[in-house]
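Please look over the structure shown below before reading on. The briefing then takes its sheet, its helices and its aromatic rings in turn.

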Amino acid sequence: MNTKVLLLLSSALMMSAVLPLRAQDQNQPTPAPAAPEQAAAAPARPAPKLSPKQQITGFYAMCKQGRGGEGLREMLSSNPVVKPEDVQKVADAFAQMISQMGNFIDFKIVREVEISERALVVRSVAHFERQPFVNEFTFYDPGSGDWRLVHLRYDANLATMFQEDVRAAALGGGQ
């Protein structure tokens with residue numbers, strides 16, 4: 001099942017080499033462990049449940065900071081089916097790919113398709129200095145309001161990701 005999930009993320013990952021963690025990720029200080037009495041006094045709170053749009057906006061905020069791979073890692077970590085080592089490989093390959101596109105400028109959500117009350121597909125265009133980049137996020141909510149990313153498709157070729165729109169425009173313009 002894990003292999004199937006990774007294959008769905010993108011065929012581009014098969015061609016990407018796994019990169020070592022960036023120096024900035026490796027050099028972050030490790031927080032000191034809490035004293036036993038502090039740990040008992042402050043029970044761990046569950047992370048707030050974020051909507052798909054909130055997760056996407058957070059992801060792009062991290063892209064703006066040059067931390068797109070880390071943002072993707074956070075989103076994929078919400079999926080209990082994907083192993084942590086696979087999350088890291090995908091995040092690193094994605095970070096390498098978008099690093100070639102220059103600085104992140106902004107993004108726009110261009111399509112949302114509600115497949116069912118628990119499945120949502122969101123397509124967005126991210127604008128980078130060198131070229132745009134299309135991301136298609138598929139989210140699933142098992143019923144508890146806990147939306148998780150279950151599939152990511154991305155492509156630097158807008159015509160590939162918007163084939164149906166390009167075809168429709170060509171047919172409409174030719175009549």
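What follows describes a predicted model, grouped by topic.

**The sheet**

- Four strands make up an open sheet in the order E1-E2-E3-E4, and their pairing is antiparallel.
- Strand E1 (104-116) and E4 are the edge strands, each having a single partner strand, so one side of each is left without a neighbour in the sheet.
- From one strand to the next, the twist averages 20°.
- E1 and strand E2 (residues 119-128) run antiparallel and are joined by ten bridges; as an example of the pairing, glutamate 114 has leucine 120 in E2 as its bridge partner.

- H6 is mostly covered, with eight of its nine residues buried; among them are the glycines Gly68, Gly69 and Gly71, together with the charged residues Glu70 and Arg73.
- The buried residues of H6 also include Leu72, Met75 and Leu76.

**Aromatic pairs**

- A search of the whole structure finds twelve aromatic pairs, one of which joins phenylalanine 128 and phenylalanine 133 in an edge-to-face arrangement, with 6.3 Å centre to centre and 90° between the planes.
- Both phenylalanine 128 and phenylalanine 133 are buried.
- Phenylalanine 133 also forms an aromatic pair with tyrosine 154, and this pair is tilted, with 5.7 Å centre to centre and 35° between the planes.
- Because phenylalanine 133 lies in strand E3 (residues 132-140) and tyrosine 154 in strand E4 (residues 148-155), the pair ties together parts that are 21 residues apart in sequence.
- Phenylalanine 133 has 0% relative accessibility and therefore counts as buried, and tyrosine 154, at 6% relative accessibility, counts as buried too, since the cut-off for buried is under 20%.
- Ring pairs link a cluster that consists of Phe59, Tyr60, Phe94, Phe104, Phe107, Phe128, Phe133, Phe137, Phe139 and Tyr154.

Terms used. Residues numbered from 1 in each chain as written. Predicted model: local features only at pLDDT ≥ 70, side-chain atom pairs only at ≥ 80, totals over all residues. Heavy atoms only, no water. Phe/Tyr/Trp six-rings, centres within 6.5 Å; stacked < 30°, edge-to-face > 60°. Buried < 20%, exposed > 50% of the residue type's maximum accessible area, 1.4 Å probe, protein only. Helix = DSSP H or I, 4+ residues; strand = E, 2+ residues; numbered from the N terminus. Pairing = 2+ DSSP bridges. Axes fitted to C-alpha atoms, helices over the stretch in contact; angles between N-to-C directions.
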